[in-house]
Amino acid sequence: MKKESVLKFPDLAQWIIDQTKKAGAQECRVSLSKTRFVQIDYRDRKPENIKEATTQQVGLEVILNKRYAAQSTPDMRQSTLSGFIEDVVANAGIMEEDPYRSLPDPELYKGRNTADLQLSDPDYTQLTPEIRHEMVKTAEDACFQGGGDKVISVESGEYDQFHEEYIMSSNGFEDSSKGTVCQIGVVMTAKDEGDRKPAGYCYATSRFRNDLPEMKFIGADAAKRTLDLLGAKKIPTAKIPVVIENRVAERLIGDLAYPLTGASIQQKRSFLADKKGQKVGSNLLTVTDDPMIPRGLGSRYYDSDGFPGKRREIFTEGVLNDFIIDWYYSRKLELAPTGGSTSNIIIQPGKRSLDELLKDLPRCILITGFIGGNCNSTTGDFSVGIFGKLFEKGQPVQSIAEMNIADNHLNFWNKLAEVANDTWVYSSIRTPSLLFNDVVVSGI
């Protein structure tokens, strides 16, 4: 039996648009994507998991008489897509009417930046199985060497992918993108007092493989971070300066993002809903959302609505400037859309290194990780477990664990006293280490 051919993305998208409108939909939007990924995991120098796969997906959004439905399928054959399209349109017909559902004003699609964002590594095809395995083994060996006789086990892994998508809507939007991602990580479990077995890790992600740190650094750093957890214990509750390490600070930045969204504001679940134009943090809280950073993990030409990527200041010197509002919630809130999600979130770095910052503090806690916790997006109250190191005059004196920070974000960010210059670039949230004064850390 002859295999059915699949149209190229632009032709298939146009065919789906045509068929969807013939089925009765007034408006529709189709997204076509294909992802190839490879994953290699080792445990104690032995391959444990090797995966390689290519996935594809057709996503279809339909608006019919102010009713909305969205579904997806991995099957791109026209013979089966015909039935899929009819099902999506039929499902839209039985949904409740929603007067706010529509495709965006086409005028908002204009202004796409044509700069080369370098989202796709041109050398990605040179990444052979041998290179991938060598990356994992090199990182793992460095961790074993760094951990010495304290090692119980080491897990290491590499993941990479190539993703491409094509989007078309019935009101004139059409665009596409391609991108690569490469990640390496190591986790070490160590022997400690009694039956304690602390685990530390180091991960890094970038679009270009050559932008990753050295594999030996990844393994050695995982070992160092694990050994730093040995002998950790609570200290007495204190009001003390805390420094949140660059690579873990994104946890608290994330707590600020959701309350800025149109959904949280419209549903009365945002402690920032009435704070636009007001000062909610110290002068050092300047947060930028910038989708136009070359090779940035969050970089993009357009957002989920199809609006062109634009740099924007979310907070400037502690003042909230803007919300994160997509087209749908802009209509519900009767506000101008600003974009429905974040891209690269950046906190502006300071001038001093982390070591310089620590040396100037008589006593402080360096937080190197969070455990559990929660944040109430309606009130801003949060509570989170921490671990790290107690420092005195720049010298580490005690590993700490099983301690807790509880505060309110509207209070906490006003305690931001200094920002280091050590921005962690292996994430879409790019933040340096952050010093907060007078933080109550609960312990004994």
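**Notebook: cavities, a helix and a sheet**

I sorted the lining of the second largest cavity by class and got 8 nonpolar residues, 1 polar and no charged. The model I am reading is a predicted one. I then listed that lining: Leu256, Phe271, Leu272, Val280, Leu285, Phe315, His409, Leu410 and Trp413. The volume of this second largest cavity came out at about 40 Å³.

I searched the whole structure and found 2 cavities of 30 Å³ or more. The largest cavity has a volume of about 50 Å³. Its lining divides into 4 nonpolar, 1 polar and 5 charged residues. Among the lining residues I noted Asp121, Asp123, Asp160, Arg207 and Arg209. Which strand gives the most to the lining of the largest cavity? I found that S5 does, with 3 residues.

Next I checked helix H3, residues 129-147. Its 19 residues should span 27 Å at 1.5 Å a residue, and the end C-alpha atoms are 27 Å apart, so the two values agree. I marked the buried residues of H3, including Arg132, His133, Glu140 and Phe144. What covers the buried residues of H3 includes strands S1, S2, S4 and S5 and helix H4. Just after H3, I noted a positive phi of about 55 degrees at glycine 148.

Last, I traced an open sheet of 5 strands with mixed pairing, in the order S10-S9-S8-S11-S16. Its edge strands are S10 (319-320) and S16 (429-430), each pairing on one side only. Inside the sheet I looked at S8 and S11, which run antiparallel and are joined by 3 bridges. Threonine 288 has isoleucine 346 in S11 as its bridge partner.

Conventions: Residues are numbered from 1 along each chain as its sequence is written. This is a predicted model: local features need pLDDT of at least 70, side-chain atom pairs count only at pLDDT 80 or more; totals for chains, interfaces and linings use all residues. Side-chain values use heavy atoms; hydrogens and water are left out. Helices (H or I, at least four residues) and strands (E, at least two) are DSSP runs, numbered from the N terminus. The expected span of a helix is 1.5 Å times one less than its number of residues. Buried means under 20% relative accessible area, exposed over 50%, partly exposed in between (1.4 Å probe, protein chains only). Contact means heavy atoms within 4.5 Å. Two strands pair if DSSP finds at least two bridges between them. On a 1 Å grid over the protein atoms alone, a cavity is a set of points where a 1.4 Å probe fits but cannot get out, and a pocket is an open set with protein on both sides within 12 Å along at least five of seven lines; lining residues have an atom within 4 Å of a point. Grid points are joined across faces, edges and corners, and a volume is the space filled by probe spheres set on the points. Ala, Val, Leu, Ile, Met, Phe, Trp, Tyr, Cys and Pro count as nonpolar, Asp, Glu, Lys and Arg as charged, and the others, Gly among them, as polar.
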